[in-house]
Amino acid sequence: MENRIITFNRPVNHEYFILDRYEAGIVLDGGEIKSVRNGNCNLKDSFCVVYNGEVYVKNMHIAVYDKSGAFNVRDAKRDRKLLLHKSEIVKLSSKIAEKGLTLVPIKLYFKQALVKMEIGLAQGKHTYDKKRDLKEKDLKRETDRVLKSNY
């Protein structure tokens, strides 16, 4: 069965070099999972932190489910816990501390019935790296256009 992508963090590839990728589960409540199934979530401007041996995603927006009761209303941008193995968390926290790397969420997707998040160990790009990437992208687009018109 193929994984169905819920949302993708587009600016990540422009802003960071992704060095390593990890798959993590995410702790959600009932109203949040129903909202995610409807596609009402956004990873823009979100980031991950390691705190007390646990990984949290901050600033991730999941809209409040409109049919949930009055007692189930939560903050749309609350911190959500990610589920990783202890060895992975130790490895990530040591790399973040020593090299100045960061953890960024890349995509949110369904794996069978579970919601998973792909997070990446990333290093920030400089402006000249971003300009070079845009130039390469434009060049590739132009060559594809010329090849398409010739054939």
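Let me begin with Lys 125, which counts as buried because its relative accessibility is 13%, buried meaning under 20% relative accessible area, exposed over 50% and partly exposed in between, with a 1.4 Å probe and protein chains only. Before I go on, a word on the source: this is a predicted model, in which local features need pLDDT of at least 70 and side-chain atom pairs count only at pLDDT 80 or more, while totals for chains, interfaces and linings use all residues. Residues are numbered from 1 along each chain as its sequence is written, and side-chain values use heavy atoms, with hydrogens and water left out.

Where does Lys 125 sit? The residue is found in the loop between strand E9 (114-124) and helix H4 (127-150), where helices (H or I, at least four residues) and strands (E, at least two) are DSSP runs numbered from the N terminus. The side chain of Lys 125 reaches the backbone oxygen of Asn 13 at 2.9 Å. If we set aside neighbours within four places in sequence, Lys 125 is in contact with Asn 13, His 14, Glu 15, Tyr 16 and Phe 17, and also with Lys 130 and Asp 133, contact meaning heavy atoms within 4.5 Å.

Stepping back to the chain as a whole, we have 4 helices and 9 strands, and along the sequence they follow the pattern β-α-β-α-β-β-β-β-β-α-β-β-α. The C-alpha trace spans about 60 × 40 × 30 Å along its principal axes, and of the 151 residues in the chain, 33% are buried. Among contacts with a separation of 6 or more, 69% are between residues 24 or more positions apart. The accessible surface comes to about 9900 Å², with 51% of it belonging to carbon and sulfur atoms; these areas come from the Shrake-Rupley method with a 1.4 Å probe, and for residues only the protein chains shown count as cover.

Now to helix H2, residues 30-37, in which Gly 31, Glu 32, Ser 35 and Val 36 are buried. Why do these residues lie on the same side of H2? They cover an arc of only 140 degrees around the axis, which puts them on one and the same side of the helix, the arc being that of the directions from the helix axis to the C-beta atoms. As background, an α-helix has 3.6 residues a turn, so residues three or four places apart point the same way. The cover over the buried residues of H2 includes strands E1 (4-8), E3 (41-42), E6 (61-62), E7 (80-83) and E8 (102-111), as well as E9. After H2 comes Gly 39, whose phi is positive, near 85 degrees.

Positive phi values also occur in residues other than glycine, and I would point you to Asn 52, with a phi of about 55 degrees, and to Gln 112, with a phi near 60 degrees. Asn 52 lies in the loop between strand E4 (47-51) and strand E5 (54-58), and counts as exposed because its relative accessibility is 64%. Gln 112 lies in the loop between E8 and E9, and at 60% relative accessibility Gln 112 likewise counts as exposed.

I will finish with His 85, which lies in the loop between E7 and helix H3 (86-99) and, at 59% relative accessibility, counts as exposed. The C-alpha atoms of His 85 and Arg 145 are separated by 46 Å, the two residues being 60 residues apart along the chain.

How values were computed. A polar contact is a pair of N or O atoms within 3.5 Å; within protein, one must be able to donate a hydrogen and the other to accept it, and residues adjacent in sequence count only if both atoms are side-chain atoms.
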